[in-house]
Amino acid sequence: MPFKIYKRVRKFIFDLWVIAWPIIVILLALCVWRLQKWQEISHRRTQMMELCQNDASARLNRFKAGSIYEAQISDMFALVKRDISRGLELGKFSEGNLGEMLSKAIQKRVSPSHLSKDPKIYAFLFDSQNQPKPLSGTLLENRKTSLILSLLAKATIADTLPVQEMKSLDHRCTGVFGELGTFDFFSFKGKGKAIPVDFENGKKFLIWQPIVKKEIVIGAFLGIFNRDAYYSSKPLVYAMKKYAASKKAGIRCVLTSHEKDRSPGKAVVWAPKSVIPESLGKNFIMRLHQLERENKGNREKFSIPGQVSLILPGYWVIRNALRSETPYELWLFYPIPKGTGFVWLDPNELLLLFIVLSVWFIYFFLPELSGKVTGTPLGIWFGGYFVMVGVLPLALIFSFSNFFFSINQDRSVKNILQKTLSQFEMIDSESVEIDAKFRNLCQKSIFNPALVQELDKLPIGSKKKGPLLSKAFDFFSAAGLELCDLLLYRYTKDMIAFTPSDKAQSETLAALDMNFLLIIGVGTGFEPLLTDEILKPYGQSHEVYFKIFKNIVASSLFLDYFEFRTRTQFFRSESKLYLQYMDFISSQGHLKMCVLFRAIATRPYQEYLQKRFEEFETSERENSGPGLVPIRYAFCRNHQGLLENLFPKSSAWMGSREFKKLAALMKEAADSDGSRILYSPLNPNVAFVSYPARRIPEMVFGAEIILSPLFLEKLNIETLRNTLTLAVLVLIVFLGLTIISHLLSPLGKIQKALARISTGDLSTRLELSRNDEIGEVARAFDSMTGGLERRRNLARFVSDTLESELEIASQKSGNRTGYRETNGVVLVSDMRDFTTISEKYPPDLVVNMLNGHLEAMTQAIKKFGGKIDQFIGDAVVAVFVEPSLEIAAKKALQAAAEMMKKHAQLQEERKSLGEFNYAMGIGIDAGKILIASFGSELRMERNIIGDPRSLAERLEVASKKGRYSKIVVSKTMKNSLPEISFENIPGTEGWELMAIT
């Protein structure tokens, strides 16, 4: 009987194959065609998604930087200052209308959302006697004017004030502006910065800017604003309008409240109409509320920060978190580009498929349904098989090669971009050679005993350079590192500043220099007995200033500063970059002097960069050839938010659209302080790279990379591939036709011979002289036709033995699915991070550990009447069935406590033996369970199924959040054991046992 069933099934499959094979071949060909298109779409979609994610990351950084209230206020007032300065240079403003013009500039540049209801803005000008004169205007304040103006007037000459007056001004500022509003903030170092202060019993922001005309300070203005906008959405909305609203058509953004600051379905959404269309905003709000309700307010389930999500039809949506103290998130919407969505079949392909299916239905399937005997010609069979085994694999290889070429091209592009960034990093890091060069020049000078002797013998207070010192200045100039000054500190004598033009700097200015304080501190640290003599030459005011400084800094600061001797230091002051080198000179164990060299670093660094970039461009020209990618380099100086192009000087390229794109990218890199890459599949022939230098402040590198040679190389490879594919296809067709001819030609003769025989012509002979199977068939045919003439009436018989055996065979019967439904308790325990442990430690250690663990857990379960249901790897599933559910629950909890005790003992033993430890958790639930046998005749298993098992497994996972016993039970278990203390684990349906007794 089984054999008979097998025979029927085989016949059914064969008949089905006879009917279905043509459509299978067609569908396979269509799948290959669609596979190639899907690969192209997938590749394009991946590229576009990466671009969207990179763009979203850059926008987020810009948005974060621009959403800080203090930075916004500072930027606004910087624009106010620029407007006034330009107006003064052009002669548009006079003393009579300057106040009103200042008010109009503030109204124009400062957003109304950032101006408080009662802003206090003070402004004044210097008269001919350098006395402040208040200005009047719409927004300008007159109350407390004299006090404010006196403070601002002193701030403009802070570097010339004695220490005692500075202390007095500090007290006055503290009285007016609170503890943070010290006089130091009103020096030029604090200009243009928003400072939090207390003013008139309120939290305020204070910002002041000097009014400059032809590089001379002629006045200043000061604004005081409430800090209430700092904690509101106003800075974020302002930043959204200014920074996040893209100039690219279709890219939109909104702000929503963070998860912790709202309940599900109650998100606050900021979507100004100027930034996002009203219809899109409404659709997004509705969709967001719906998703939050479905996911219980957990946004991570439907939108991972920084990743593309498809929560809104027609858009790629990217969510990014802002600063932790800001209760808002930024959402960006990118319209899905055309050609990046999956389409199963386009209209033309659907029409073709319909035609093919119709032909197949009429030619193959309909005759089969009607019971007509049909057959497929062998020519079609062989043609179909050749397509399936020859052409289709070739098409698959062709399709995959396209995908491989695209991936390889992307890899090549990324390698070139990364190589360019590596070159920039190398240039940046190798700029230390300028530091080394400056250090070597300083050391050659300082190690000259004659120069040291000349410096030591200079008369006290002398401003004139000696011959050797003059030669040292010339020595630096000849080497391309011109000294801006040489500061000489001679202990117990004096302090002298030398410059190339013999115009010595003011001792007062030098005294306020931080280096002076540190150098004096080093001297007093090494020569404590000579402290008074060291300080004596610098005057009482400087001595007081030093003592104040020494009291507010750690004593180790002077030792640390001493350790920096003989090292080149790089720093920036105002608009200039400096290199500094210092060394101490001693004699007979006593410090004698400190020599400090300073050189302006801007020019040597620019020359260094120009040289390196010219070398790169020369190398590019010399090594140009097929397959090599040409690169054009540039570097700019980013000073006070403006880019100054330094290389190249080619006006043709600088005026091109490509250079403007590169300049915009370099500005973006400078603002975000991170390297940036601009490469789009929409314009794959060119890419841009920008890199803000780390060691050379204000310098930004850029490169335009022409990628056309890569595409030409890919085109050449594809042409070669297409040629080889065509050749192989021709070969396959030729072989197919040859084989078909070799096989079907004799079969055609046989067919014709059979047709003649069917008419009664038994004298037909094939007479094929072939030594293969067909030749044997032909000879047998000829022999058969000869015998047919003699045995015309021979009957044919078919044995039915197999059929009889199939009818006799029968399947064994019996109940193999016995089951039992009862109330019980299911306990599930699992080890933590078992996968990590199995990967980290050798197999023998893991196996021994696991066997010991399972043995201990089994003993604990059996001790309280439990039964092991399954070992699933490192997990244990046990069941407790007792007359009452309360007894089963109690025993299960006792067993869990015993398991934890044995686990703790095992950990102590393993720790004493120096072996690794591991953690575990337990989940328990009670209720109705089904114990049954499942499987087939060959294999049966007895198992537990039901809700308690599923919940117990989830509770075991929740035990990771437990704080006490790591034993978590369900609410049913908790209610069954009222005398035991449990605590709910927040965000789960589990209750943790608080103590193991």
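Which strands does helix H21 lie across? Keep that in mind as you read these notes on the model above.

1. **Ground rules.** This is a predicted model, in which local features need pLDDT of at least 70, side-chain atom pairs count only at pLDDT 80 or more, and totals for chains, interfaces and linings use all residues. Residues are numbered from 1 along each chain as its sequence is written, and side-chain values use heavy atoms, with hydrogens and water left out.

2. **The five-stranded sheet.** Look for five strands in the order S17-S16-S20-S19-S18, which form an open sheet with antiparallel pairing. Strands here are DSSP runs of E with at least two residues, helices are runs of H or I with at least four, and both are numbered from the N terminus. Two strands pair if DSSP finds at least two bridges between them. S17 and strand S18 (676-680) stand at the edges with a single partner strand each, so one side of each has no neighbour in the sheet. On average, neighbouring strands of this sheet are turned by 20 degrees against each other, direction ignored.

3. Strand S16 (residues 631-639) pairs with S17 in the antiparallel sense, over five bridges.

4. Now for the opening question: helix H21 (residues 708-758) lies across S18, strand S19 (683-692) and S20, running at about 140 degrees to S19. Axes for such angles are lines fitted to C-alpha atoms, for helices over the stretch in contact, and the angles run from 0 to 180 degrees between N-to-C directions.

5. **The nonpolar cores.** The largest nonpolar core has 58 residues, and those touching the most other members are Phe 438, Val 595, Phe 597, Leu 609, Phe 613, Phe 701 and Leu 707. Helix H9 (residues 378-429) gives the largest share of this core, six residues. A second, separate core of 38 residues includes Met 831, Val 846, Met 849 and Met 973. A nonpolar core is a set of buried Ala, Val, Leu, Ile, Met, Phe, Trp, Tyr and Cys residues joined through side-chain atoms within 4.5 Å. Buried means under 20% relative accessible area, exposed means over 50%, and partly exposed is in between (1.4 Å probe, protein chains only).

6. **Phe 701 up close.** Leaving aside neighbours within four places in sequence, Phe 701 is in contact (heavy atoms within 4.5 Å) with several residues, among them Phe 424, Ile 427, Leu 609, Phe 613, Met 666 and Tyr 691.

7. Ser 406 has its place in helix H9 and counts as buried at 15% relative accessibility. Ser 406 and Phe 711 are 305 residues apart in sequence, but 9.9 Å apart in space, C-alpha to C-alpha. Ser 422 also lies in helix H9, and is partly exposed, with a relative accessible area of 34%. For Ser 422 and Tyr 691, the separation is 269 residues in sequence and 9.9 Å in space, C-alpha to C-alpha.

8. **Another strand pair.** Five of the six residues of strand S6 (residues 252-257) are buried. S6 pairs with strand S10 (residues 328-335) in the antiparallel sense over six bridges, with Cys 253 opposite Leu 332 in S10.

9. Most residues other than glycine have a negative phi, and most peptide bonds are trans. Thr 566 is not a glycine, yet has a positive phi of about 60 degrees; Thr 566 lies in the loop between helix H17 (556-563) and strand S13 (569-573). Asp 833 has a positive phi of about 55 degrees and counts as exposed at 56% relative accessibility. The peptide bond from Phe 647 to Pro 648 is cis, with omega near 0 degrees, and Pro 648 lies in the loop between S17 and helix H19 (651-654).

10. **Cysteines.** How many disulfides does the structure hold? The count is zero, where a disulfide is a pair of cysteine sulfur atoms within 2.5 Å. Cys 484 counts as buried at 18% relative accessibility, and Cys 594 counts as buried at 0%.
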